[in-house]
Amino acid sequence: MRCAIVPPHVLDHIAENHRDERLRESAQRTLVIDSGQRDARAAAQLIASAEPTTGPAVAKRTIHDAGHRDQLPGRTVRSEGAPATGDRSADEIYDWLGVTFDFYRSAYGRDSIDGAGLPLVASVHYAVDYDNAFWDGSQMVYGDGDRQVFTTFTGPLDVTGHELTHGVTQYSGGLDYTGQSGALNESLSDVFGSLVKQYHLGQTADQADWLIGQGMFAAGVHGVALRSMKAPGTAYDDPNLGKDPQPTDMAHFVQTTRDNGGVHINSGIPNRAFYLAAAAIGGHAWEKAGRIWYETLTGGHLPKDADFATFARMTADCAGRLFGVKGAESDAVRRAWTTVGVEIA
């Protein structure tokens, strides 16, 4: 699995087209590091299991400083309950790990990423000019960016929410990281990454921006974020990044062998389906639309190789069980999938 927040097609474009040699080299190094993480994450998914814990659900955070090396985890700089370090990256991530933990506990009664109190570990200042952040199967890792295209990976809360949700998927049985199941894997991380941010800000569905990675671009980059769940394909259009390639519906599904079958590209289709369902239902999106998606992911019946149609049917069935087959929620879910071209049998 390669589940870093910046997709390879963006880094490929920088590595091949940027006029600055240093930035081309930074993107190339990032791609090499990301490829090297693939086997470790895949192995972690295969062996993921969780033992139930007793007592209250409380966060157990540890933040490390990798010192611009690629060895993990690095020097411990902050543990649970310790005061702020003064290092902005370390302190931001300490806070965002806590917010994500609180979201899953409060919204869905989940005790950490594995549902059984898993300690949350993160390393900041990873490698040199590293243009990404990722979940490696056991901890979070953040680079500092090249400071000309990407300036921060610790600032946007939804980056942490997105990547930690890969851990939730991992401990919920996983989804094969290829083709449509891989795009669902990415979409679920976008869904709950956005919901973590909405929960933190107290936003309703109509107040949310539905953007993933807003704030990570340097000034002058023509883009608002890495992805838009509301309007896939519109997040950026910049000579350094290329144009956002995400499709809005199945009529524009991208057939490709790159990026495990376009998992970061075709995720725009289920992303938009979730946005449409949440917007139609209204209110706080994590309460109804989010619960439907969460119960579908964690219910124990989602096949590892689920395609969009399978997931759509399962979310519609789940909406019926939770809120009534003829309820507005069930109707909203079905109409959302139909709008993006995924028919529910």
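Is Asp158 buried or exposed, going by its relative accessibility? Hi everyone, let's start there. Asp158 counts as buried, because its relative accessibility is 1%. Buried here means under 20% relative accessible area, exposed means over 50%, and partly exposed lies in between, using a 1.4 Å probe and protein chains only.

A quick word on the model. It is a predicted one, where local features need pLDDT of at least 70 and side-chain atom pairs count only at pLDDT 80 or more, while totals for chains, interfaces and linings use all residues. Residues are numbered from 1 along each chain as its sequence is written, and side-chain values use heavy atoms, with hydrogens and water left out.

Back to Asp158. You will find Asp158 in helix 4, residues 157-171. Helices (H or I, at least four residues) and strands (E, at least two) are DSSP runs, numbered from the N terminus. Leaving out residues up to four places away in sequence, Asp158 touches Gly193, Ser194, Lys197, Leu211, Ile212 and Gly213. Contact means heavy atoms within 4.5 Å.

Now, helix 5. This helix covers residues 179-201, and its 23 residues should span 33 Å at 1.5 Å a residue; the end C-alpha atoms are 33 Å apart, so the two agree. The expected span is 1.5 Å times one less than the number of residues. Helix 5 is mostly covered, with 18 of its 23 residues buried. After helix 5 comes Gly202, with a positive phi near 70 degrees.

Which helices do the buried residues of helix 7 pack against? They are helix 5, helix 8 (289-298), helix 9 (308-323) and helix 10 (328-339). Helix 7 is mostly covered too, with 10 of its 14 residues buried; among them are Pro270, Asn271 and Phe274. Those three residues meet Ala183, Leu184, Ser187, Asp190, Val191 and Leu195 of helix 5.

How do these two helices cross? The axes of helix 5 and helix 7 come within 8 Å and cross at roughly 40 degrees. That makes helix 5 oblique to helix 7. Axes are lines fitted to C-alpha atoms, for helices over the stretch in contact, with angles from 0 to 180 degrees between N-to-C directions. Angles under 35 degrees count as roughly parallel, over 145 as roughly antiparallel, 65 to 115 as roughly perpendicular, and the rest as oblique.

Next, the nonpolar cores. A nonpolar core is a set of buried Ala, Val, Leu, Ile, Met, Phe, Trp, Tyr and Cys residues joined through side-chain atoms within 4.5 Å. In the largest one there are 88 residues, and Phe150, Phe192, Trp293 and Trp337 have the most contacts inside it. Helix 3 (residues 88-108) gives the most to this core, namely 11 residues. A second, separate core has eight residues, including Ala4, Ala66, Tyr130 and Phe134.

Last, some backbone details. Most residues other than glycine have a negative phi, and most peptide bonds are trans. Where is Pro73 found? Pro73 sits in the loop between strand 1 (61-65) and strand 2 (75-79), and the peptide bond from Leu72 to Pro73 is cis, with omega near 5 degrees. His68 is found in the loop between strand 1 and strand 2, and has a positive phi of about 65 degrees although it is not a glycine. With a relative accessible area of 41%, His68 is partly exposed. Ser112 has a positive phi as well, near 70 degrees, but Ser112 counts as buried at 1% relative accessibility.
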